Amino acid sequence: MRQLSAFDTQFLNAESATTAAHVAGLAILDPAGGRLNRQALAGLLLERLHLSPALSLRLVEVPLGLDRPYWAHDPDFDLDRHLFELTLAAPGGMRELADAVAEIHARRLDRAHPLWEMHLIHGLADGTVAVYTKVHHAVIDGVSGAETLATLLDLAPGGPEILDTPQTPDVRDRADGQHGSSKSGRGDSPVREGDRPDGPGDLDEHMPAHNAANRPPGAPSLLEMLGTAAVQAATQPVRTLRSAIRMAGELDAIPLAARVPGARLIAQAARVAAGDLEPRPEPPGLAVPRTPFNGPISANRHLAFGSVSYKDVRNVAKANDVRVNDVIMALCASALRSWLLERDALPEQPLIVGVPVAVRTAAASERVGNQISALVTTLPTQVAGARERLRVAGETMSAAKRRFAMASTWWLDELCALLPAPVAGLATPAIFRFAAVACPPINLIISNVPGPQFPLFLCGGRVLSYYPMSVLTDLSGGVNITCLSYDGMIDFGIVACPERVDDVWSLLGHLRVALDELLDDQVGDEFRDGAAG
């Protein structure tokens, strides 16, 4: 049994009628001659569930939201609540797949059960199958999500033996809870009637019974939870003051706070008072320009996904003496610039982006929850030339990383700990909505998750691509770009609110064009160098 951190709880608090706070991935696989089916997936999940104990944990809420929830093993774990199967409507192309997955991605997870789902999707025109998996962000971050998925994957096609009659495991005996682009268009519903499982609908806070007879194994009793909540309430002023002091040294690098008059002087004084006298790179200006991406979002989601060559990106990075991640940021800057120019909405100032950074240590590798921080920096969408945009992106990211390496990596945790749990639970959606209108802290989130450069297999079927997908909130903007490097490719998953981004597939197209531009420049330079010699 373990209580959620303030940071993890904030992902629960952020959920509303328009926000679902889970991370997800869409794998495209070879069907392995039909061996990759629901029965095989069920057998694999039950066989390896103990390798990812977070998948058998459910929330235990404190009455009236007086304190942060707890994780406890679900005594009624039922795989049928988590593993689903559907078939796409004809013609079964990537657009139909994206529309079907977008519907699932928009639905919140049922808090009465462990917070994850897996959907096996048939009917793709090219004969492949897809597996879409989502896990609540309160459970995992992007890196630990990739590690969780890895427990289901094999290095060779010899998949696990199929179980004829999968049985639900006794989760009480598990480990302890400590632990190709085309034009956009929508047609008929991409899922045939009856194929799609019922979603959770509007989720009320699930209040489990709190008596010794039926509370989940390892869950605290009602008296224990109320006692802890009373202590937390009494000591909250001390924790708030402590968090504020810890954050003060980073005040000039925190979105919104950096715009407070005197923020830089306060941060410098706080660092001197703490004995931190090492000079730091000046943080960039974090004034957020207005774009169509920012403002209140709806409950609808649109998706686009596709890949670029990892070798091409690496060659561009090598030719320009930058890192692969710098090239990815430059590609995103180019794509966003082109998309905004088409709509006469490109601001003169650079966009402000949040870049999640993994800070998980080996000691915390088994811990359920998030071990991430965020690097907030500028994205050179105001720079006209592709090569110059890459140079500026490299310099900007290099300075931001140097600053990040010298700073506290836990300012997000401290920020989430400022408010008492009951207040944070009630106020977060309203704060997010207000900030989206009055003062958005960033324009969007861009995330790059490293992955293996060799093939992996699921139930004998080779994973051909894996497109990561993340969260949209009012606060972070109506578009999120996430990518993962895998087996010679960089796979992009773009999630957007259709009221904020009218054509998400064109963003993907602009990404590919941006890489072609950099490759053409590189080839041109090599040709000129050869001719000059």
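Here are some questions and answers about this predicted model, each setting a value against its definition.

Q: What makes the link between His 73 and Ser 56 a polar contact?
A: Their side chains are joined at 3.4 Å, and the cut-off for a pair of N or O atoms is within 3.5 Å.

Q: How do you know whether Ser 506 is buried or exposed?
A: Look at its relative accessible area: 16%. Buried means under 20%, so Ser 506 counts as buried. Ser 506 sits in helix α12 (residues 504-532). A polar atom of its side chain lies 2.8 Å from the backbone oxygen of Asp 503. Leaving aside neighbours within four places in sequence, Ser 506 also touches Trp 339 and Arg 343.

Q: Why are Arg 391 and Glu 388 called partly exposed?
A: Arg 391 comes out at 38% relative accessibility and Glu 388 at 35%.

Q: What makes Arg 391 and Glu 388 a salt bridge?
A: Their side chains meet at 2.3 Å, N to O, and the limit is within 4 Å. Both residues lie in helix α9, three residues apart, which is about one turn of the helix.

Q: What makes Asp 8 and Arg 2 a salt bridge?
A: The N to O distance between their side chains is 3.7 Å, and a salt bridge needs within 4 Å. Both residues are buried. Arg 2 also stands opposite Trp 71 in β4.

Q: What makes Asp 154 and Arg 48 a salt bridge, and where do they lie?
A: The closest N and O atoms are 2.8 Å apart, against a limit of within 4 Å. Asp 154 is in the loop between α4 (142-150) and α5 (222-248), while Arg 48 is in helix α2 (residues 38-48), so the pair links distant parts of the chain, 106 residues apart. Both are buried. Together with Glu 47, they are linked in a network of salt bridges. A search of the whole structure finds 13 salt bridges.

Q: How do you know that β12 and β13 pair?
A: Pairing takes at least two bridges, and β12 and strand β13 (residues 461-469) have two bridges, in the antiparallel sense. Phe 457, for instance, has Arg 462 in β13 as its bridge partner.

Q: Why are β5 and β12 called edge strands?
A: In the open sheet of six strands, the order is β5-β6-β7-β2-β13-β12. β5 (83-87) and β12 (457-458) each have a single partner strand, so one side of each has no neighbour in the sheet.

Q: What makes the largest nonpolar core, and which residues have the most contacts inside it?
A: A core joins buried nonpolar residues through side-chain atoms within 4.5 Å. The largest one has 72 residues, and those with the most contacts inside it are Leu 26, Leu 97, Ile 121, Val 327, Met 469 and Phe 492. Helix α8 (residues 324-342) gives the most to this core: eleven residues.

Conventions. Residues numbered from 1 in each chain as written. Predicted model: local features only at pLDDT ≥ 70, side-chain atom pairs only at ≥ 80, totals over all residues. Heavy atoms only, no water. Buried < 20%, exposed > 50% of the residue type's maximum accessible area, 1.4 Å probe, protein only. Helix = DSSP H or I, 4+ residues; strand = E, 2+ residues; numbered from the N terminus. Polar contact = N/O pair within 3.5 Å; in protein donor to acceptor, adjacent residues only side chain to side chain. Contact = heavy atoms within 4.5 Å.
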